Amino acid sequence: MTQCFQKMAAPGRKVLIVYAHQEPKSLNGSLKNIAVEELSKQSCSVTVSDLYSMEFEPRATRNDIVGCLHNSEQFNYGAESWEAYRKGCLTTDIVEEQKKVQEADLVIFQFPLYWFSMPAIMKGWMDRVLTQGFAHNFPDCFDAGLLKNKLALLSFTTGGNEEMYSKGGISGDIHYVLWPMQHGILHFCGFKVLAPQICFSPEYETEEKRKEMLTTWAQRLKTIWEEKPINCTPEWYFR
């Protein structure tokens, strides 16, 4: 099914960048900085959640619920966080991140690919922030997800080169890697997903090639609001 999403003019738009890298001088750090600079030039309001600098807690535990549990006899994180969201009893750090998401028109996730996925600190952000009731509430998921009026984009670096992530490569088609992150998390919550920005094996490339990666990202951001979301169906991933 082809998804439709109304084009948005840039001025006044709000962008949240969820950033997970330990080193500000890394390519991920440069990609994050370019996004802030370019989108700010477009009069967008840009907020960055720098997870490592924030020392963001990635563990989903009963400490996320303020006050008494709904069922103190047997702890169920999903059920308890849902109930806590309804009652306004989630911890401050979760509430602050949810507010950032709620206000954003576009959420960019900037990270290095770890073990075919995102770093644990970013996965923990997903686990704790995208709670039931806030991001999804079955059957309100996928196209009906509670964040359906927002755009999301994964921007990440890899250790392997592009050939390794081809259909015949040793790591398999990069689309297979994207399936659980884009479809299983973002699309499940209703996000309209833009095509990913992937920088393959920057550590093994020349300085000129790394600069080209940054330039390509900057150029794409100039027209990011004109892009249409991908057709987020199994066919896109397993073609």
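**Where two helices meet**

Author: In this predicted model, the axes of helix H4 (residues 92-103) and helix H5 (residues 120-129) come within 10 Å and cross at roughly 90°. The two helices, H4 and H5, are therefore roughly perpendicular to each other. On the side of H4, the contact is formed by Asp93, Ile94, Glu97, Gln98 and Val101, while H5 contributes Trp125, Arg128 and Val129. Sorted by class, the contact of H4 with H5 comprises 4 nonpolar, 1 polar and 3 charged residues.

Trp125 is listed with Phe109, Phe111, Leu130 and Leu186 as the residues with the most contacts inside the largest nonpolar core, which has 39 residues. Two or more residues of this core come from each of strand S1 (14-19), strand S3 (106-112), H5, strand S4 (151-157), helix H6 (174-187) and helix H8 (234-237). The greatest contribution is that of H6, with 6 residues.

Leu130 shows how such contacts are arranged. Leaving aside residues up to four places away in sequence, Leu130 touches Trp125, Ala135, His136, Leu147, Ile185 and Cys189.

In the loop between S3 and H5 one finds Trp115. Although Trp115 is not a glycine, its phi is positive, at about 50°. Trp115 is exposed, because its relative accessible area is 84%, and exposure requires a value over 50%. Pro139, in turn, belongs to the loop between H5 and S4. The peptide bond that joins Phe138 to Pro139 is cis, with omega near 10°.

Ser201 sits in the loop between strand S6 (197-199) and helix H7 (207-222). With a relative accessible area of 4%, Ser201 is buried.

A disulfide is a covalent bond between the sulfur atoms of two cysteines. A search of the whole structure finds 0 disulfides. In the case of Cys68, the closest cysteine sulfur belongs to Cys89 and is 9.1 Å away, which is too far for a bond. Cys68 is exposed, with a relative accessible area of 76%, whereas Cys199 counts as buried at 2% relative accessibility.

Notes
Residues are numbered from 1 along each chain as its sequence is written. This is a predicted model: local features need pLDDT of at least 70, side-chain atom pairs count only at pLDDT 80 or more; totals for chains, interfaces and linings use all residues. Side-chain values use heavy atoms; hydrogens and water are left out. Axes are lines fitted to C-alpha atoms, for helices over the stretch in contact, and angles run from 0 to 180 degrees between N-to-C directions. Helices (H or I, at least four residues) and strands (E, at least two) are DSSP runs, numbered from the N terminus. Angles under 35 degrees count as roughly parallel, over 145 as roughly antiparallel, 65 to 115 as roughly perpendicular and the rest as oblique. Contact means heavy atoms within 4.5 Å. Ala, Val, Leu, Ile, Met, Phe, Trp, Tyr, Cys and Pro count as nonpolar, Asp, Glu, Lys and Arg as charged, and the others, Gly among them, as polar. A nonpolar core is a set of buried Ala, Val, Leu, Ile, Met, Phe, Trp, Tyr and Cys residues joined through side-chain atoms within 4.5 Å. Buried means under 20% relative accessible area, exposed over 50%, partly exposed in between (1.4 Å probe, protein chains only). A disulfide is a pair of cysteine sulfur atoms within 2.5 Å.
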